[in-house]
Amino acid sequence: MATGSMEAALMSDPTIKLPDDLLVEVISRVPYKSTRCCKCVSTRWRDLISHPDHREKLPRSTLAGFFYKTYGMGRDSRLPHVYQSVSGNWCPLDASLSFLPECGELDILDCCNGLLLCRRRTAPKSWDDPGTLEYVVCNPATERWVSVPATEYSLFVNDARLGFDPAISSHFHVFELVTAVALDLNNKYDYRIEEVGIYSSKAGGWTHQIVWDNSIEILCLSGGAFFNGVLHLRSDSNTVAAIDVQGNYRIIPIPTSPDARGVPNVYVSRGQLYLTDHASSELSIWVLEDSISENCWTLKLKVSYMQLVGVEYSSAGEHYGVISAHPEDNVIFIIVESASRIFPQMKLLSYKMDSREPRFVCDLGRNSRCPYVPYVPLFLESLADGH
């Protein structure tokens with residue numbers, strides 16, 4: 001490098017001469033909030049912080065809590081959701097999202113790496129005014145937000161997802177899943193995706209509206225995960241659908257138990273994609289190793305229902321489900337419905353996979369219902385075109 005170029009580089013980044021291991025040591029001594037900001041300094045800093053080899057040394061993100069819906073409580077339509085912290089006062093936030101403009105209805109649809117995707121409808125001005133529908137992407141930690149215009153299908157769409165990776169870009173994508181809803185023999189609604197709309201914050205508009213040759217069946221309120229720039233959704237045909245930001249998809253087969261009693265779901269933890277499959281008596285957790293090969297999943301853990309929830313909640317009449325995995329620790333979160341037929345209560349438990357230790361977290365009451373949206377704070381001020 002020429003002398004002038006070296007001097008310019010040192011002025012822009014005084015750490016350029018520091019070896020990687022020393023720079024990682026320096027970054028490891030700052031709080032987690034500052035670590036997230038450090039990712040934006042340069043490509044080198046971003047790659048060092050994101051590298052799996054440095055995961056144990058650097059400050060870790062944490063799952064702060066869950067947003068979920070309630071019913072039968074006569075709540076104001078402005079707040080159809082509740083927030084339950086699982087980390088104490090580590091990350092206080094305005095759970096009502098009152099920093100957003102006033103509206104008649106607000107639904108939280110998804111959360112991805114600290115950003116929430118919401119759908120809001122303005123209050124009607126008259127009896128013949130249905131109000132205006134739009135999406136909102138916001139950061140509760142910084143109270144910044146940006147509006148995303150609705151499409152011609154938005155009024156009839158019940159499912160939309162968010163794709164965002166702050167390690168790569170401050171821009172995000174919204175996936176609007178356009179479905180044909182059909183009633184099956186079990187009186188359950190299946191979400192059959194026939195086309196997908198893609199909104200790009202970088203482009204500032206809806207960039208793709210792709211009609212698929214073959215529809216995909218997605219069980220209502222099933223989970224999903226944005227991983228390596230691709231949205232992964234649990235399909236209702238023992239597969240995972242991987243949808244990229246151009247609206248194209250491919251199918252990944254998954255292992256399932258012959259006596260599966262719940263819907264397998266996907267989560268991102270420790271830089272890997274997890275699949276949970278719970279049978280009548282045990283839970284299996286798989287890790288995606290290679291989405292191209294036929295045998296692409298590796299078994300990470302198999303645990304009995306008794307070990308998973310403990311003796312207190314091991315009654316055969318109880319129902320359980322995995323709702324999330326911790327982003328950095330080997331911990332999963334589980335909801336358990338008590339066996340009481342009169343007043344069933346929803347309990348939130350965690351399970352440490354390393355020590356195989358279940359732990360009661362809190363009561364969610366008898367009025368909570370899915371989806372349970374995990375929230376991991378993001379302390380970056382930047383939000384593309386945000387308010």
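Lysine 347 is buried, because its relative accessible area is 16% and buried means under 20% (exposed is over 50%, partly exposed in between, using a 1.4 Å probe and protein chains only). Its side chain meets that of aspartate 363 in a salt bridge, 2.6 Å from N to O. The term salt bridge stands for a side-chain nitrogen of Lys or Arg within 4 Å of a carboxyl oxygen of Asp or Glu. Lysine 347 lies in strand E21 (residues 346-352) and aspartate 363 in strand E22 (residues 357-365), so this pair ties together parts that are 16 residues apart in sequence. Aspartate 363 itself is partly exposed, with a relative accessible area of 41%.

Before we go on, a word on what you're looking at. This is a predicted model, where local features need pLDDT of at least 70 and side-chain atom pairs count only at pLDDT 80 or more, while totals for chains, interfaces and linings use all residues. Residues are numbered from 1 along each chain as its sequence is written, and side-chain values use heavy atoms, with hydrogens and water left out.

Back to the charges. Side chains of opposite charge can pair when their charged atoms come close. By the salt-bridge rule, the count comes to five. One of them joins glutamate 282 and lysine 302, whose closest N and O atoms are 3.8 Å apart. Glutamate 282 sits in strand E17 (residues 282-288) and lysine 302 in strand E18 (residues 297-304), so the pair ties together parts 20 residues apart in sequence. Glutamate 282 counts as partly exposed at 27% relative accessibility, and so does lysine 302 at 43%. Arginine 161 and aspartate 159 form a salt bridge too, with their closest N and O atoms 2.9 Å apart. Here arginine 161 counts as buried at 5% relative accessibility, and aspartate 159 is buried at 9%.

Now for the rings. A search of the whole structure finds eleven aromatic pairs. Rings of Phe, Tyr and Trp (its six-membered ring) pair if their centres lie within 6.5 Å; planes under 30 degrees apart count as stacked, over 60 as edge-to-face and the rest as tilted. Phenylalanine 67 and tyrosine 83 make a tilted pair, 4.8 Å centre to centre with 50 degrees between the planes. Phenylalanine 67 also pairs edge-to-face with tyrosine 375, at 6.0 Å and 70 degrees. Phenylalanine 67 is buried at 1% relative accessibility, and tyrosine 375 is buried at 0%. Elsewhere, Tyr135, Phe172, Tyr199 and Trp206 form one aromatic cluster.

What about the strands? The protein has five helices and 23 strands; these are DSSP runs numbered from the N terminus (helices are H or I, at least four residues; strands are E, at least two). Strands of a sheet pair through backbone hydrogen bonds, either parallel or antiparallel. Seven bridges join E3 to strand E4 (residues 115-121), and leucine 106 stands opposite arginine 120 in E4.

Finally, the whole protein: buried residues make up 48% of its 387 residues.

Key:
Pairing = 2+ DSSP bridges.
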